[in-house]
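Hi,

Here is the structure I promised to pass on. Have a look at it first, and then read on for what turned up in it.

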Amino acid sequence: MNPLLSPTSPELNDSDFALLAHYAKHLGRASSAARFTLKSGEKRSKKKGHGMEMLELRPYQTSDDLRHIDWRVTARTGHTHTRLYAQENDHQRILLLDLSPDAYFSTRYAFISTRFIQLAGLIAWRSEQQGDKLLYNLSFGGQSLEHLNKSSVWGMISQLKNASKTSNRNRQATSDLGWYGSKVTSKARNKDIIILTDKQHWDAKQQTALQQLAKHNQIHWVQIFDHHSFELPPGQYQFADAMGTTSVKISKKSSEQAKKDFFEQNATMRQCLAKIGIRHQLFDISEPPEGIARYLLNQGALR
């Protein structure tokens, strides 16, 4: 079995993150088309010169430097073309991880929280390996941790290890989601922002802040759930959360209603995000973390 699919413990250690480093290195590369796909209205910075990667090939304009004319394309088409390059600061991204107490649960493979944290670890390692700058906000266990500057990947991993501790499910979640009131996102422009969260609700103020963030950045939203949680055999179950331990009687009817409520709420959330141009993808807990990371790679959120 894939060692990342079902780790031995929901509480990840250094060995788990070292393994993630190996998988991050072998994710492969997205196609050029994926790396340079821009959403409608996005303001991607352009530079007429030798940046990190070529961003665009377009017809020559009178202000263009003659040194950057693509003579091969010019000869082939009969029209002068200029190469534009991505600036180095295009390779910066922001990671927002926001876990509710409910994320510290699953019926099989791994806790939902564990899968999110594995994915965050892959993003951290991939950014480190590619020399990209990664800013982040991690919200879990009633606390919110931010980092505004590039630092050692192990500093972030230390915080992710704390996020994986199951004791976090006994603490109330923060009321504000990662993008709201965050210094990491307050002046974000032209960034790839990856949001990892199991939450489906936020208030009007947070929606306004999210809309403003989406206006100037490319946001990739990943949600993970466990479809088997709606298929538990009827019976009496004990659940523990920040409010204590609760005994819950589950019937076929209550499971069907819970499933219906979840997907109705999810559909409403997806419509809300789509209206402001945010890409949302829902994954089941059976999807290994490197599979989700490859999805982000192919969407241009990673490179």
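Contact here means heavy atoms within 4.5 Å. Before going further, please keep in mind that this is a predicted model, where local features need pLDDT of at least 70 and side-chain atom pairs count only at pLDDT 80 or more, while totals for chains, interfaces and linings use all residues. Residues are numbered from 1 along each chain as its sequence is written, and side-chain values use heavy atoms, with hydrogens and water left out.

The protein has nine helices and ten strands; these are DSSP runs (helices H or I, at least four residues; strands E, at least two), numbered from the N terminus. Of its 303 residues, 48% are buried. Buried means under 20% relative accessible area, exposed means over 50%, and partly exposed is in between, with a 1.4 Å probe and protein chains only. The accessible surface is about 15,100 Å², and 50% of that belongs to carbon and sulfur atoms. Those areas come from the Shrake-Rupley method with a 1.4 Å probe; for residues, only the protein chains shown count as cover.

Helix 1

Let's begin with helix 1, residues 14-25. Its twelve residues reach 17 Å from the first C-alpha to the last, close to the 16 Å expected at 1.5 Å a residue (the expected span is 1.5 Å times one less than the number of residues). Which residues of helix 1 are buried? They are D16, F17, L20, A21, Y23 and A24. These residues cover an arc of only 170° around the axis, which puts them on the same side of helix 1; the arc is that of the directions from the helix axis to the C-beta atoms. On the face turned away from that buried side you will find the exposed residues S15 and K25. The cover over the buried residues of helix 1 includes helix 4 (112-129), helix 5 (153-163) and helix 9 (289-298).

Have a look at the start of helix 1 too, where a side-chain oxygen of N13 comes to within 3.0 Å of the backbone nitrogen of S15.

Salt bridges

How many salt bridges are there? The count comes to six, taking a salt bridge as a side-chain nitrogen of Lys or Arg within 4 Å of a carboxyl oxygen of Asp or Glu.

Since D14 lies in helix 1 and K161 in helix 5, the pair ties together parts that are 147 residues apart in sequence. D14 is partly exposed at 40% relative accessible area, and K161 is partly exposed at 24%.

Another joins the side chains of R93 and D132, at 3.2 Å from N to O. R93 sits in strand 3 (residues 92-98) and D132 in the loop between helix 4 and strand 4 (133-140), so this pair ties together parts 39 residues apart in sequence. R93 is buried, with a relative accessible area of 4%, and D132 is buried as well, at 2%.

Then there is E264 with K260, whose side chains meet at 2.7 Å, N to O. Being four residues apart in helix 8 (residues 252-275), E264 and K260 are separated by about one helical turn. E264 counts as partly exposed at 43% relative accessibility, and K260 does too at 45%. As for networks, salt bridges that share partners join R93, D132 and R303 into one.

Two glutamines

Q200 is in the loop between strand 6 (192-197) and helix 7 (204-216). Is Q200 buried or exposed? At 11% relative accessibility, Q200 counts as buried. Not counting residues up to four places away in sequence, Q200 touches Q223, F262, Q265, N266 and M269. Q200 and F262 are 62 residues apart along the chain, and their C-alpha atoms are separated by 9.2 Å. The side chain of Q200 also makes a polar contact of 2.9 Å with that of Q223, and one of 2.7 Å with that of N266. A polar contact is a pair of N or O atoms within 3.5 Å; within protein, one must be able to donate a hydrogen and the other to accept it, and residues adjacent in sequence count only if both atoms are side-chain atoms.

Q206 is in helix 7 and counts as buried at 2% relative accessibility. Leaving aside neighbours within four places in sequence, Q206 is in contact with S175, D176, L177, W179 and Y180.

Cheers
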